[in-house]
Structure formats: structure tokens, C-alpha cells
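Subject: Structure handover

Hello,

Here is the structure I promised to pass on. Please open it first, then read my notes below.

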Amino acid sequence: MSTTLPTRPLDSAAARTVVAPVVPSRARLRPLGLDEVRITGGFWGERQRVNAAHTLSHILDRLESEGWLPNFDRAAAGTLPAGRRGREFSDSEVYKYLEAAAWELGRHDDEELERTFRAVVERVGAAQEIDGYLNTEFGRPGQQPRWSDLEWGHELYCLGHLFQAAVARERTRPGADDGLLLIARRAADLVCEVFGADGIPSFCGHPEIEAALAELARVTGDERYAAQAALFVARRGHDTLADIEWGRRYFQDDVPIRDATALSGHAVRANYLAAGAVDVAVETRDDDLLDALRAQWTRTRGRRTYITGGQGSHHQDEAFGDDWELPSDRAYSETCAGIASVMFSWRLLLSGGESAYADLIERTLFNVVATSPSADGRSFFYANTLHQRVPGVVPDPDATSPRASSSLRAPWFEVSCCPPNVARTLASLDAYIATADDRGIQIHQYAPAEIRTTLDDGRDVSLRVDTAYPSDGTVRVSVDRDADEPWTLSLRVPEWAEGAALRVWSGGAVVETVSVAPGRADVTRAFRAGDVVELELPMAPRVVDPDPRIDAVRGCVAVERGPEVLALESTDLPGHGDVGEVALDRGSTPTEQDGRVWVDVARRAAHPGDWPYTQAVSGGLGETERVALVPYHDWGNRGPSTMRVWIPTA
């Protein structure tokens with residue numbers, strides 16, 4: 001196995017021209033950045049507005065009040081460890097806040113946010129030691145020595161988030177004089193010195209730095225960082241870290257990544273590692289590793305992923321289960337695992353171009369990422385259960401909640417990795433909408449947007465996307481510039497969209513109408529200003545069955561509409577009954593009325609007596625009643641309730 005990088009330097013000049021989180025040096029598709037794509041409204045535009053107006057300030061307030069940002073002040077003053085607050089990885093939340101703020105500043109100029117950003121960077125930089133080391137938990141008198149707890153210390157994990165913040169800043173404000181990139185590079189240089197080929201032959205128990213180093217290499221042109229990322233990936237899977245109760249699988253240290261057949265262990269760690277490994281495979285031209293990662297993605301998606309796109313079915317170790325182990329009421333489905341899954345899928349999409357990766361991204365965005373934050377952007381789900389058996393308790397808005405509590409969204413957690421992770425994802429979401437290649441433009445996610453870019457041959461392209469998706473399935477892409485030569489506009493047709501139709505308008509008339517199958521619909525023509533390509537996606541609600549090998553939901557069905565998974569919430573039951581007391585009438589068809597999807601359900605008789613197991617009695621449902629379902633991402637917004645996605649049938 002080789003981790004040798006290509007002899008040619010990474011094209012840092014090209015990397016700086018794309019304002020996006022991921023800019024591979026070679027790929028099937030070129031990402032379009034925040035300066036080329038702008039979400040202008042709709043479902044995601046509203047969430048970005050709330051993120052900018054409320055979530056970022058909420059996170060900063062909590063970083064201050066919880067003491068996680070003041071930890072850097074104490075480090076600079078030399079008073080640590082006295083007074084340090086937060087978990088060993090709390091530094092990373094400050095860095096994720098900086099990344100989110102950098103992407104937001106890339107979307108809109110904001111003088112107040114700019115001042116705040118610079119002030120936070122100054123406090124972080126003041127805590128950095130002369131040799132580049134930066135961490136508030138380790139390395140000082142009274143603290144554990146540096147690098148002494150690679151299993152649990154998260155030092156490299158925290159630095160990875162610092163590097164990603166610096167990348168975001170350099171791409172959105174090239175050459176900014178705030179010093180963040182210099183801070184990151186000094187720390188990265190130290191990592192290469194300490195963990196290089198002749199250094200400590202180990203790695204961090206929580207992957208993250210791998211993808212961060214690869215991107216830092218791309219933005220700076222310094223191949224040492226990419227080489228270090230490759231070393232970290234190659235070292236994993238050889239029983240290097242100390243064994244623990246859940247086994248080395250938890251750290252992805254039980255089998256080399258190229259030999260794995262699916263993602264396993266801690267779900268966030270597994271996806272972060274896979275994302276970084278794709279970066280390494282791309283930069284080292286290791287196609288065997290890339291093929292292995294594609295196979296792992298396919299099996300993980302097909303056997304270890306919830307209908308929402310959520311991943312992770314174990315609470316105790318926040319981990320993947322075995323194939324088909326997907327219990328609804330014990331779904332952990334951590335928000336950060338969903339975000340990490342998007343990171344993995346996006347890299348594979350750029351590498352190969354297959355629409356299946358964008359399908360999973362869409363599912364995860366709508367049903368995990370959008371589910372976590374409340375409507376006001378100030379409280380969050382950490383875990384995302386698919387079946388809430390007991391109504392939740394309204395959290396104290398001033399308290400810090402245990403991390404796995406999913407009964408209702410909470411404003412902050414003892415482990416608050418998810419809120420700033422959501423914030424950085426929403427702030428950079430424009431960069432996940434579309435890509436380009438030598439043939440034209442590909443649109444992968446649907447939102448009202450403006451797209452302006454230059455094709456590889458130098459031609460300027462300007463598009464406008466108009467849609468109310470997912471409220472309805474019409475997506476209209478208007479061309480604003482004449483083209484002398486044909487180019488191709490590609491629109492993703494989601495995997496669920498059987499019966500989709502495509503229309504091409506020119507000169508105010510329809511010139512082409514075709515049915516399109518799930519996958520990708522291509523329109524190649526010498527577009528004229530005013531031409532419109534219209535995709536019509538079928539949005540009728542549909543009843544879906546689980547694979548019979550998923551024991552936990554056998555005999556149940558779920559209802560989906562477009563990209564949204566729907567849920568039955570007790571708030572919508574007559575008398576606000578318990579969702580565990582009803583079954584769905586499989587003979588009825590879901591209908592839409594007043595902007596809601598309605599189904600027929602009936603009460604199920606409880607077993608008599610104190611013993612819960614009796615002889616089976618045949619018979620259908622009793623009298624049914626019409627009940628509205630709620631998009632899963634909106635559940636829990638109306639107070640304590642019970643909820644389920646998979647509904648039993650009689």
C-alpha cells in the first residue's frame with residue numbers, strides 16, 4: 001500500500017477560486033462555491049436566515065457562559081488548569097463556530113459578525129504556544145502531557161476543526177489579516193513534526209483531522225499536510241490504540257480501512273474517517289482505496305441506515321449496529337453522524353458523479369440536519385429517535401442538558417458538538433447545490449437559487465432556479481445567457497421520483513416533453529436567454545415497507561412525501577392519545593388536504609390482564625379515524641408528545 005503523493009504540487013491557486021468546504025485537486029465534478037451559487041429563499045433559505053440571525057449568536061453566548069471560550073483566555077494568562085470548564089474537546093466547538101461564521105461571512109458581509117470573528121480569533125491565537133501547540137486541556141503544569149491520551153484526548157480532533165475554520169476563512173476572505181490561517185499552519189506544522197514518518201506512529205481516537213489536513217493542503221499548496229493525512233489513514237486498523245469495552249472497532253482501529261466492508265463503530269468517527277480517506281485516495285490517486293470506500297458506502301446505506309438517512313443504532317457507544325439492526329425506539333442517529341455522512345457522500349459524488357450519493361445527501365439533509373434545530377434556531381436535537389414512547393420534558397432554557405436526551409430539543413448540551421456542526425453546515429449549504437464539469441452544470445439539490453459560473457472552456461453561464469420544493473415538485477431552471485455552442489444542464493431525479501417529467505421551454509413555448517427515470521436528466525442544447533428547463537417531480541404521499549430483514553419494524557410501514565419522511569405525532573391524535581395505541585389501515589390511501597398528509601388509523605385493543613403475552617387473535621381494525629401526519633423534521637415543535645415514523649398495520 002502506497003501513501004506517496006503525486007510529485008506535482010497541489011494547485012492551490014485553483015483551490016482558492018472555489019469558495020467551498022471541499023475542493024479536490026482532481027474529481028469527476030467541480031464543486032461550485034458560495035460565490036457561484038446563492039440560495040435565495042424557500043425551505044433552506046429560511047433555515048439559513050435563522051442560522052445567521054439567531055443560531056450563531058446563541059452558540060457564541062453559550063461558548064462564553066459555559067466557559068469554553070474563556071478557557072483560551074485562561075490559557076493565555078497562564079492560569080490553567082484552574083477554572084477550566086467543559087469536556088476535553090470543548091475547544092473544537094469554538095473552532096466550529098469560527099468555521100460557521102466564516103462561511104456566513106462568505107454569503108453576506110456583516111460588519112458586526114466580522115468584528116466578532118476577529119475578536120474570537122485573537123483570543124484563540126493568544127493561547128497558542130511558541131511551537132504551535134494549541135489546546136486548553138493538555139500540556140501545562142497540572143494537566144496531562146501532550147499527546148498522552150490519543151484514545152480519548154481529542155487533541156488532533158480539535159486541531160482538525162481549527163484547520164477547517166482556517167480553510168473556510170481563507171476561501172471566503174483570501175489573505176485576511178486576522179491571523180487564523182497562520183495559527184492553523186503553525187499547529188499543522190507541529191502535527192507533521194510530531195506524527196510524521198519518524199514521529200509518534202499513532203493517530204487520534206476521534207477521526208476528523210484527516211479531512212482537515214487534506215483541505216488545508218489544498219488551500220495552501222503544502223503537500224506535507226496531505227502526506228500526514230495519508231499517514232493517519234494508513235496507520236488505522238492495526239490495533240494501535242488501547243482496547244476498550246466496545247472494542248477497537250469503536251475507533252475504527254480493528255481493520256485497515258481499505259479492508260473494511262461497511263462503516264462500523266462510533267458513527268461520527270466512522271464517517272469523518274471515511275470522508276478523510278476519500279480525500280487521501282483522491283490526492284494519492286489510490287483508486288483501490290476509493291473503490292473500497294464506495295463499496296462501504298453502498299453497504300452502509302443499504303443495511304445500516306435509517307429511513308431518515310440517520311446512522312447509528314447504539315446508544316451506549318453512539319455506534320453503528322450490525323446489518324439490519326435498526327430499532328426505531330433505540331435509534332441514536334446523532335445529528336453529527338448525519339452531517340458526517342453528508343461529508344462522506346459529497347466527496348464520493350464529486351469523485352464519481354453518481355446521483356445515488358446526492359440522493360442520500362438529500363434524505364439526510366431534510367430528515368436529520370433539518371430536524372435538529374428548532375424553528376427559532378436556539379435549541380437542538382442531539383440524537384434523533386424514530387419512536388418517542390414517552391412525552392418529553394420541556395428543558396430549562398438556561399440549563400445544560402445531557403447530550404443524548406431527545407425527548408425535546410434542548411438549548412445546549414454537556415457535549416454540544418451538534419449545534420455548531422449544524423451551523424457550519426447550513427452556512428455552507430450553497431456549496432452543496434450544484435457542480436460543473438467539462439460538459440456543463442449539474443444541479444443536485446433543489447432550492448430557489450442563483451447560479452453563475454464559468455465553464456471549463458471559458459463560457460459564462462447564468463441560471464435561476466425557482467421552486468417551492470419540497471412543498472411542491474416543480475423545479476424551473478431559467479437560463480439568463482445566450483450560448484453559441486451546446487452545453488448540458490443535468491438535473492437529479494431522486495430515487496423515489498418514479499413518473500417524473502421534464503419539459504424544455506424556448507421562445508415561450510414547450511419544445512420538448514419527456515418522461516425521466518430516477519437518476520439524472522440531461523438537456524444538451526445551445527441555450528438562449530429565457531429558455532427554461534422544468535422538472536416535475538411526483539409529490540403524492542407514498543407508503544413504504546421496510547426490508548423484512550429489519551426485525552424491529554417488521555409489520556410496520558412509513559409514509560413519505562417527496563424527500564420528507566413523515567411521522568405520526570400524538571399532538572395530532574384526537575384527545576392527544578398515545579401513538580403506540582393506533583395502527584394504520586393498510587387498505588386506505590394517504591391523501592393531501594390543507595397542506596397536510598392524512599392517513600386512516602384505528603385504535604388497537606390492549607391485551608387483557610397483567611401478562612402482556614396472549615394467544616394471537618385474528619381480526620381487522622375497528623373503526624378508523626383520519627389523522628394528519630407531520631414532516632419528521634417538524635416533530636416536537638408543539639410541546640411534549642409521543643411520535644413514531646414506522647406505524648404498525650393490522
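In which loop does P470 lie? P470 sits in the loop between β7 (460-467) and β8 (474-479). One caution before going on: this is a predicted model.

**Cis peptide bonds**

The bond from Y469 to P470 is cis, and its omega is near 10 degrees. A cis bond also joins L80 to P81, again with omega near 10 degrees. P81 belongs to the loop between α3 (70-77) and α4. For background, most peptide bonds are trans.

**Positive phi**

Most residues other than glycine have a negative phi. D239 has a positive one, near 55 degrees. You will find D239 in the loop between α9 and α10 (267-284). With a relative accessible area of 44%, D239 is partly exposed. S333 also has a positive phi, near 45 degrees. S333 is in the loop between α11 and α12. Its relative accessibility is 0%, so S333 counts as buried.

Look next at α6, residues 155-172. This helix has 18 residues and spans 26 Å from first C-alpha to last. That is close to the 26 Å expected at 1.5 Å a residue. How many of the residues of α6 are buried? The count is 18 of 18, so α6 is mostly covered, with buried meaning under 20% relative accessible area.

Helix α4 (residues 91-107) packs against α6. Their axes come within 8 Å and cross at roughly 15 degrees. The two helices are therefore roughly parallel to each other. The crossing is left-handed. On the α4 side, the residues in contact include Y95, L98, A102 and W103. On the α6 side, they include Y157, H161, A165 and R169.

**Helix α7**

Helix α7 covers residues 180-195, which makes 16 residues. Its reach is 22 Å from first C-alpha to last, close to the expected 22 Å. Among its buried residues are L180, I183, A187, L190, C192 and F195. What covers them? The cover includes α5 (111-126), α6, α8 (209-220) and α9 (223-235).

**Helices α11 and α12**

Helix α11 (residues 287-303) packs with α12 at an angle of about 130 degrees. Their axes are 11 Å apart. The pair is therefore oblique. This crossing is left-handed. From α11, the contact uses L290, L293, R294 and W297. From α12, it uses F344, S345, L348, S351 and G352.

S341 is also in α12, which runs over residues 335-352. S341 is buried, with a relative accessible area of 2%. Beyond its neighbours within four places in sequence, S341 touches N271, Q311, L360 and T364.

**Cysteines**

How many disulfides does a search of the whole structure find? It finds zero. C336 is in no disulfide, and the nearest cysteine sulfur, that of C418, is 3.4 Å away. A disulfide needs the sulfur atoms within 2.5 Å. C336 counts as buried, at 2% relative accessibility. C417 is in no disulfide either. Its nearest cysteine sulfur is that of C336, 3.6 Å away. C417 is buried too, with a relative accessible area of 9%.

Over to you.

Technical notes
Residues numbered from 1 in each chain as written. Predicted model: local features only at pLDDT ≥ 70, side-chain atom pairs only at ≥ 80, totals over all residues. Heavy atoms only, no water. Helix = DSSP H or I, 4+ residues; strand = E, 2+ residues; numbered from the N terminus. Expected span 1.5 Å × (residues − 1). Buried < 20%, exposed > 50% of the residue type's maximum accessible area, 1.4 Å probe, protein only. Contact = heavy atoms within 4.5 Å. Axes fitted to C-alpha atoms, helices over the stretch in contact; angles between N-to-C directions. Parallel < 35°, antiparallel > 145°, perpendicular 65-115°, else oblique. Left-handed = near helix turned anticlockwise from the far one by under 90°.
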